[in-house]
Amino acid sequence: MTTHLVWFRADLRVNDNLALAAACRDPQARVIGLFIATPLQWREHHLAPRQAAWMQAHLHDLQRSLAEKGIPLTVLQVDDFAASVDALAAFCGQQRVDALFYNYQYELNERQRDAAVEKRLADGVVCQGFDDYVMLAPGSVTTGNHEMYKVFTPFSRAFLKRLQAHLPECVSAPAVRASGPLDDPEPFAPFHYPQRELDATLFPVGEKAALSRLRHFCRQSVADYERDRDYPAVDGTSRLSPWLAIGVLSPRQCLHRLLCEHPDALTGGQGAKWLNELLWREFYLHILAYWPALCRYKAFIPWTERVQWNQNDAQFAAWCEGKTGYPIVDAAMRQMNTTGWMHNRLRMITGSFLVKDLLIDWRRGERYFMSQLVDGMLAANNGGWQWVASTGHDAAPWFRIFNPTTQGERFDPQGDFVRQWLPELRHIPGKDVHQPWLWAQKQRVTLDYPQPIVEHKQARVATLAAYEAARAVTGSHDEKHRTGKPD
Ligand SMILES: Cc1cc2nc3c(=O)[nH]c(=O)nc-3n(C[C@H](O)[C@H](O)[C@H](O)COP(=O)(O)OP(=O)(O)OC[C@H]3O[C@@H](n4cnc5c(N)ncnc54)[C@H](O)[C@@H]3O)c2cc1C
């Protein structure tokens, strides 16, 4: 009997899992699963303890679902990726594995690890990888010159054309193996990683919960998405990112569910706006696969590396803690620090504030987000930060600087979101909450809330000057984009 091993990583589900489906195709094969936790590596990647807990909870769920199918899942724990190569090779030897099935990850360290595994197993284990984390494989949507798009709009147009011509299929969960279901699995040891509690009402654990949320969102809310998506006080977005990040849900499942409810979404009809956001996820993943330097904290636009950032630890700490004196920024940071999730509009506002009001290096913000987010995902996080910092692909222009007060007034017009997260401002009515000091002055009261740590107008001038100085270095203003081939 041949033995097939499925190595689970960012694909913690039984439905529409390309590697798992391929491993189970031969009904005679013995199929086993493995997950290898690498806490030291996670620490280096600034993985949020909340996301580690989220993965751990989903592994229990996956272990039970696989057992029902007759597939045992072993969870090992080693230090880092180098050790995981040894552990995997040893496991293959012990279990007499004939073929290894896994879904690709596109980050640099992960790719190097996978190359090392394939090399180590070359003598006797057949390895098969799959593009499962994306709708279309990186490298398959390119310009006429077979290069990766640097700008989102033409990328998304080409992507939609591909989808209109041929939709990527969803594969079913495997059938129960001939050997029958297994007994309830023994619980595996908790990860050697700081533990952080999850709010199960906000993000319930499990593949079933993710699928039911997807179904509900596509049926009830997607039609209003375009209207509601920018207002953090409204539950107007799917909040599916935590499940997508660790692969409890696949982008193909999102696509098919959307088309089931709104068949015109591919041609600009209802649901198209939400699909567009899923394509941003694809864009950033395709870019990351093409320019691995992005995984090394490199800016895409070279001249922006010359911006002289402020090393102001006190201001950075105030931003992290939600104590900048700008209510929308502080409410957003406290939402993330408490729940592990932040609304997209607020990720843009807080990111812009750190980089363009405090002039602090975007990489510090990127790392801090990663250390807090339950949906932390290098491609989207890096893409988002390089967008706000104007250092990346198709980013905000460098001279575009959000005004944090007017952003608050525009996207939280009644101040409800701010009041939800800043109890010290709960008594301030309506949109006055966005300028609490002005309100306090008029009312002749004192507030238990910090004064703004910078004055926006002055900060804006200083930031424009810093970017201008970086651009002005000889020859750099012509240098719009990094050209040439992938690193
Ligand atoms: C500074 C910054 C950092 C970010 N960090 C992350 C991150 O670590 N992980 C992450 O998944 N997203 C990140 N995003 C993108 C976006 O904010 C989140 O995906 C979104 O807020 C998740 O909420 P949702 O599931 O309700 O999204 P919806 O609006 O319902 O969108 C559906 C899905 O599309 C994808 N998506 C939506 N917007 C984007 C986008 N701009 N870029 C890439 N994918 C997108 C997500 O997978 C999301 O779940 C970041 C954005 C910024 C500006």
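Mentor: First, a term: a polar contact is a pair of N or O atoms within 3.5 Å. Also, this is a predicted model, where local features need pLDDT of at least 70, side-chain atom pairs count only at pLDDT 80 or more, and totals for chains, interfaces and linings use all residues. Residues are numbered from 1 along each chain as its sequence is written, and side-chain values use heavy atoms, without hydrogens and water.
Trainee: OK. What lies 3.0 Å from an oxygen atom of the ligand?
Mentor: A backbone N or O atom of Ser241.
Trainee: And which side chains have a polar atom by a ligand oxygen?
Mentor: Trp274 has one at 2.9 Å. Asn344 has one at 2.7 Å.
Trainee: How much of the ligand does the protein cover?
Mentor: On its own the ligand has 820 Å² of accessible area (Shrake-Rupley, 1.4 Å probe). The protein covers 96% of that.
Trainee: Switching to the shell. What is its make-up by class?
Mentor: It has 15 nonpolar, seven polar and five charged residues. Gly counts as polar here, and Tyr and Trp as nonpolar.
Trainee: Which element gives the most?
Mentor: α11, with six residues. Helices here are DSSP runs of H or I, at least four residues long.
Trainee: Why does the ligand lie between domains 2 and 3?
Mentor: Because domain 2 (134-168 + 205-290) and domain 3 (302-473) both give residues to the shell. Those bounds come from an automatic or database domain assignment.

Note on methods: Polar contact = N/O pair within 3.5 Å; in protein donor to acceptor, adjacent residues only side chain to side chain. Helix = DSSP H or I, 4+ residues; strand = E, 2+ residues; numbered from the N terminus.
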